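Welcome, and please open the model in your viewer. We will go from stop to stop, selecting a few residues at a time.

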Amino acid sequence: MSDTIEQLRQIVGENNVITAKVDRVAYSRDLTPYFSIPDAVVYPTTTEQVVEILILLNEKGVPVTPRGGGASFQGSSLAVRGGILLDLSRMNKILEISNEDMIAIVQPGVRYETFEHELERRGLTFPHDVGSHNAATIGGILASDSNGHHAYKHGRVGAWIQGMEVVLVDGTILRLGTRAPRYNMGYNLAALFAGSEGTLGIITEATLKLVPRMPVEATIGAFFQNLDGLMNASLAITMSGIDAGTFEATDGKTVKTISDVMNLGFPTCEGNFVGDVQGFDEENLQRKLMVMERILKEHGGENVVIARDEETTNKLWAPRLEIDTAIVKVHPGYREFGFAAADPCVPLSKQAEAIREIGRIIRSHGIIAAVFCHAGIGIIHPAVLIDARNREHWVAMKKAEQEILEYVVGIGGVVTAEHGFGYVKNPYVRMAIGQDKLELDRRIKKLLDPNGILNPGKMALDTEERDSDVGFIYKEYVTDEEMAE
Amino acid sequence: MPLKEHLHIIMECVSCGLCQSNCPIYKQTNLESNSAKGKMTILFALLEGWLNWDEVAERMYECTTCKNCQATCLSGLDIPAVVEAARAELVKRGLGNEVSAQLVKNMQKTHNPFGEDPKARNRLKELAEA
Ligand SMILES: Cc1cc2nc3c(=O)[nH]c(=O)nc-3n(C[C@H](O)[C@H](O)[C@H](O)COP(=O)(O)OP(=O)(O)OC[C@H]3O[C@@H](n4cnc5c(N)ncnc54)[C@H](O)[C@@H]3O)c2cc1C
Ligand code: SF4
Ligand code: SF4
């Protein structure tokens, strides 16, 4: 390995290779319970360097794990087989923003937040604001085919890739698409690389479609005694033709915890609704708000509040965003972990039922649950909050995870719709996609990465286990093998 | 307060990285061990015995204690308090900051923390007054 590291230094320069243990340890974990230290962290700054790095590592068979902001929920950017962590965060230039072509050309390490600030000054937006907006990079967002805060209105990010530069493991630089808005030329490979979680190639540049930033916006919140009423209201808003930005639902127990801890005085409810809506002028916005308010009330929405100022807006979003802050106040030392049931998706008609049932499953195992839903697109985010020093809590989390995923698949849903499989979902991939698709995915992987060096150990492409080749942050963690005993 | 008493904060850090982009040190280096997220990981590793005190010393001093991380933290964690507790222990272990040691030397020699020639400083003062 020391030879390889020396050659990497020659490619990217002394300062762009990190080998000190303290610095490598800082890259060893994410939201999952895993701990895995890379042998070196390498920061390329140009596409040519990425080409040279991949040719070298492919020849030597050394694992290489691409990483942007490292905000993955699922162990996707952990170097689970050691080797080289390829940190793209120093390839962070916005190369061009064009108001005429409505595109931006960016390097992969540009942070979402930085990018949006630049776009805002030009009246534009790339509306894929993931919750990790100030950590996540464009490369990570594209490679995860992320689902931003406004996915209800704008869909997944993959469809917004107009062009892409990808370096393949043999050093080929693949250029997909152009600055022209549409292309239909053979297989849509940009769609394949979007969501491939760094297992097929390294994204070194992206040409992204932009839209105008709407000048006015409002947030609207309401409380429901019945989650069915909440979901019916969100469907009725959709059917009204109003192009709302997002709808979010939070289960009533979580709302109560947050309200109590933060002294917000929220009413008791089975579910809280918060949404936002944009307008091209004030009159346009007011008309949409009027209709939304009426629909919410007609379906049983109480305490309907429209927020235009920052303080009220933050209060309305508190049920959705403040659970981590609230929990550490009530239960010091407790925290959330990325687990396999973090982002399933259910049919729209099953959203209310799924929030109830998933909350019940988690709580039935004696641990804390918070259940959120991107209403209108069916994605459920159950959060489990546990004391990581308590073995029983780990057992409970794993049991809950399995029960949730079996339940979701049973009602016609899917195992993951936002974060992807990463590492933590390896044991569930076969159940999620079936034998035929898994085999085809593995053949695609073999074609593009015959030596299996790119982000190995992920997406069940070479193993269906998850606890075998990594360490654990907490010694109390209960492995899948121990669970099976 | 000893570092161990801040263990709950170190454990509550979920490694989400929301603190990174506003950290003045991380912004310069893009080095995870400079961010609050990285600092919590290496302190956790230290308390578990996976790293030694001398290995973490330099990174603990690379912090302005500006609290930008706390302002953007998912759980509002008081990271600077943890960093200060780590520094206190480093000093006790004889691993105090080289920068502060230099400041003391400068004070003794030049009567100012910057190590500047007192005569030159007086000339500047005269110039400013003129
Ligand atoms: C607090 C929080 C909120 C979140 N909210 C959302 C949300 O609203 N919606 C959502 O979809 N996700 C969300 N996530 C998950 C995660 O932030 C997103 O998936 C995000 O896109 C990850 O970006 P990143 O740069 O941190 O990627 P990383 O974690 O660094 O990488 C993610 C994956 O992409 C690969 N990769 C990274 N860069 C490249 C590249 N240049 N070329 C090839 N492969 C690459 C990695 O190998 C890995 O498999 C959230 C996470 C957190 C911690
Ligand atoms: S307090 Fe330290 S770690 Fe936190 S943002 Fe400031 S410099 Fe960075
Ligand atoms: S924002 Fe807070 S919880 Fe997240 S990584 Fe930073 S310190 Fe840890």
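Select strand E13 (residues 216-224) of chain A together with E15(A): the two run antiparallel and are joined by nine bridges. Keep in mind as you look around that this is a predicted model.

Which residue of E15(A) is the bridge partner of A:Thr219? Select A:Asp276 to find that partner. A:Thr246 also stands opposite A:Asp276.

Stay with E15(A), residues 271-279, and show its side chains. This strand is mostly covered, with nine of its nine residues buried. A:Gly271, A:Phe273, A:Gly275, A:Val277 and A:Gly279 point one way, while A:Asn272, A:Val274, A:Asp276 and A:Gln278 point the other way. Both sets are buried.

Next, go to helix H1 of chain A, residues 2-12, and color its buried residues: A:Thr4, A:Ile5, A:Leu8, A:Arg9, A:Ile11 and A:Val12. Looking down the axis of H1(A), you will see these buried residues fall within an arc of 160°, so they line one face of the helix. An α-helix has 3.6 residues a turn, so residues three or four places apart point the same way. Turn to the other side of H1(A) to find A:Ser2, A:Asp3 and A:Gln10 exposed.

What covers the buried residues of H1(A)? Select strand E1 (17-18), strand E3 (40-42), helix H3 (47-60) and strand E5 (84-87) of chain A, which are among the covering elements. Just after the helix, stop at A:Gly13, with a positive phi of about 95°.

Two other residues have positive phi without being glycine. A:Met459 has a phi of about 55° and is found in the loop between helix H15 (429-448) and strand E20 (471-472) of chain A. A:Met459 counts as buried because its relative accessibility is 14%, and the cut-off for buried is under 20%.

Over in chain B, pick B:Lys67, with a phi near 75°. B:Lys67 lies in the loop between helix H4 (53-61) and helix H5 (68-72) and is partly exposed, with a relative accessible area of 39%.

Finish at ligand 3. The residues around this ligand include B:Cys13, B:Cys16, B:Cys19, B:Lys37 and B:Cys73. By class, the shell has eight nonpolar, two polar and one charged residues.

Notes
Residues numbered from 1 in each chain as written. Chains lettered and ligands numbered in written order. Predicted model: local features only at pLDDT ≥ 70, side-chain atom pairs only at ≥ 80, totals over all residues. Heavy atoms only, no water. Near = heavy atom within 4 Å. Nonpolar A, V, L, I, M, F, W, Y, C, P; charged D, E, K, R; others polar. Buried < 20%, exposed > 50% of the residue type's maximum accessible area, 1.4 Å probe, protein only. Helix = DSSP H or I, 4+ residues; strand = E, 2+ residues; numbered from the N terminus. Pairing = 2+ DSSP bridges. Arc of directions from axis to C-beta. Contact = heavy atoms within 4.5 Å.
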